[in-house]
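Hi everyone, thanks for coming. Today I'd like to walk you through some charged side chains and who they pair with. Have a look at this one with me.

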Amino acid sequence: MARPRTPLLNRSLIRDTTLSLVDEYGLAAVSMRRIAAELGVRAPSLYSHYANKDELFDDIADGIAETVDVSGFEGEDWQEGLRIWARSYRAALAVHPNLVPFLASSPRQRPTALHHADAVHGGLTRAGWPPRAATLIGASIKYIVIGSAITSFAGSFDHHVETYSTRYPHLSQAHRLREYAAEIDVDSFELLLEAFLRGLEDEYPGMPEIPAHG
């Protein structure tokens, strides 16, 4: 029997193809028609696997969310639970920066995202945080992670020394930032995360003291 000229469609192939297109061209540039063209099929062929584009992207988002670690909230150290969650959350988003605006939206009906939200909230309330405070803490971590993952501060600087040396004397070394962008971006994220955790002591002095983290 002759082999089909185009690959047999399945949800995994559609997800992988879509994610590759988003990584290369950006979220706004990817439509069901473009995905179908990339796969060598007509757009209606995709709808036997996904009802619409939102369902497809929700499935992709849920798959990426599976790499986020919320296991730290199973123990008693809620601070370490937040650290593990925040770091793995940032790592998951940073792999696909063009998809971050969608990944950062509300959990909708994504099972994994809702499981994570439940684990975070449950871990914090079990530790003694009032429900409203637990919600605010979870939201704040999300803002820190999204801001860190969506762009690179250091990587956005021009590497030409002339750009800064004559007009911006306090930025005389800014041309070197791109060389150390990854290190600076990670260290900046860690600085903000730890500052936030320490700041919770001042905001909620009745909670257990946050130990120094080396």
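Let's begin with a term: a residue is buried under 20% relative accessible area, exposed over 50%, and partly exposed in between, using a 1.4 Å probe and protein chains only. By that scale Glu190, at 22% relative accessibility, counts as partly exposed, and Arg87, at 28%, counts as partly exposed too.

A word on where this comes from. This is a predicted model, where local features need pLDDT of at least 70 and side-chain atom pairs count only at pLDDT 80 or more, while totals for chains, interfaces and linings use all residues. Residues are numbered from 1 along each chain as its sequence is written, and side-chain values use heavy atoms, leaving out hydrogens and water.

Now, the pairing. Side chains of opposite charge can pair when their charged atoms come close. We call it a salt bridge when a side-chain nitrogen of Lys or Arg is within 4 Å of a carboxyl oxygen of Asp or Glu. How many salt bridges does this rule give? The count is seven.

One of them joins Glu194 to Arg83, at 2.8 Å from N to O. Glu194 sits in helix α9 (residues 181–203) and Arg83 in helix α4 (residues 78–94), so this pair ties together parts 111 residues apart in sequence. Helices here are DSSP runs of H or I, at least four residues, numbered from the N terminus. Are these two partners buried or exposed? Both Glu194 and Arg83 are buried.

Next, Arg87 meets Glu190 at 2.9 Å, N to O. Arg87 is in helix α4 and Glu190 in helix α9, 103 residues apart.

Arg87 also forms a salt bridge with Glu194, at 3.8 Å. Finally, which residues make up the network? Glu80, Arg83, Arg87, Glu190 and Glu194 are linked by salt bridges.

Methods:
Helices (H or I, at least four residues) and strands (E, at least two) are DSSP runs, numbered from the N terminus.
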